[in-house]
Amino acid sequence: MSTPRSRRRTAGRVLAATVAAAGLTMAIPAQADPLWPGGPNVPGMPALIPTVAPCGTSARACLRLATNEAWLMEEGRVVYGPSPISHGMPGYETPPGVFRVAFKRLYHWSTMHHAPMHFAVFFNGDIATHIGPVEHKSHGCIRMTPEGAEATYNHLSPGDVVEVVP
């Protein structure tokens, strides 16, 4: 014979077992596409940022000035990005075009602007990608977050194509 007290105790045990089982189910991570290549996976969430870059298939780096975004590419496929950037201010505009990496320096010092340019990748004369505040425009260089500049430095080699689109 069951009493109200024993029914409550049984119901409590069933509820506890259900919650524990649900907790175990939730503890198993679901696989999801990354929010961006090289970015974090969010279990159960689809990719939120499209991984299409506006550059040709020969580009190893794609920089879009209008939206302040950069991508790293392999055979026309995005492998990293978009990453936030900033570019040249009025009077010091970053020119669009297709360029080749001339050289790169891990720790470069700008004698022109008396400033550090860490993870510098030079692709158009004295214009380079490097770490810098993406909230402010530059004197023509492409400023990048530390993560973006390091990824760009590690991805590119002299001779690689850098495409800058308006």
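**Note on selected residues of the predicted model**

1. Leaving aside neighbours within four places in sequence, Thr57 is in contact with Glu75 and Gly76, where contact means heavy atoms within 4.5 Å. Thr57 belongs to the loop between helix 1 (4-27) and strand 1; helices (H or I, at least four residues) and strands (E, at least two) are DSSP runs, numbered from the N terminus. The C-alpha atoms of Thr57 and Glu75 are separated by 5.4 Å, although the two residues are 18 residues apart along the chain. With a relative accessibility of 62%, Thr57 counts as exposed, given that buried means under 20% relative accessible area, exposed over 50%, and partly exposed in between (1.4 Å probe, protein chains only).

2. The basis of these values should be kept in mind: this is a predicted model, in which local features need pLDDT of at least 70 and side-chain atom pairs count only at pLDDT 80 or more, whereas totals for chains, interfaces and linings use all residues. Residues are numbered from 1 along each chain as its sequence is written, and side-chain values use heavy atoms, with hydrogens and water left out.

3. Ser86 is a residue of strand 3 (residues 77-86), and at 3% relative accessibility Ser86 counts as buried. The side chain of Ser86 reaches the backbone oxygen of His136 at 2.8 Å; a polar contact is a pair of N or O atoms within 3.5 Å, and within protein one must be able to donate a hydrogen and the other to accept it, while residues adjacent in sequence count only if both atoms are side-chain atoms. Apart from neighbours within four places in sequence, the residues in contact with Ser86 are Asn68, Pro133, Val134, His136, Lys137, Cys141, Ile142 and Arg143. Strand 3 also holds Pro82, which is joined to Gly81 by a cis peptide bond with omega about 10 degrees.

4. Asn68, one of the contacts of Ser86, has a phi near 55 degrees, a positive value in a residue other than glycine; Asn68 is placed in the loop between strand 1 (59-64) and strand 2 (69-74) and is partly exposed, with a relative accessible area of 28%. His114, likewise not a glycine, has a positive phi of about 50 degrees. His114 lies in the loop between strand 5 (103-110) and strand 6 (115-124), and at 59% relative accessibility His114 counts as exposed.

5. Three aromatic pairs are counted under the rule that rings of Phe, Tyr and Trp (its six-membered ring) pair if their centres lie within 6.5 Å, with planes under 30 degrees apart taken as stacked, over 60 as edge-to-face and the rest as tilted. One of them is the tilted pair of Phe99 and Phe123, at 5.7 Å centre to centre and 55 degrees between the planes. This pair links distant parts of the chain, Phe99 being in strand 4 (residues 97-100) and Phe123 in strand 6, 24 residues apart. Phe99 is buried at a relative accessible area of 16%, and Phe123 counts as buried at 5% relative accessibility.

6. Another pair, that of Phe103 and Phe122, is stacked, with 4.5 Å centre to centre and 15 degrees between the planes. Phe103 in strand 5 and Phe122 in strand 6 are 19 residues apart, and this pair also links distant parts of the chain. Phe103 is partly exposed, with a relative accessible area of 31%, whereas Phe122 is buried, with a relative accessible area of 4%.
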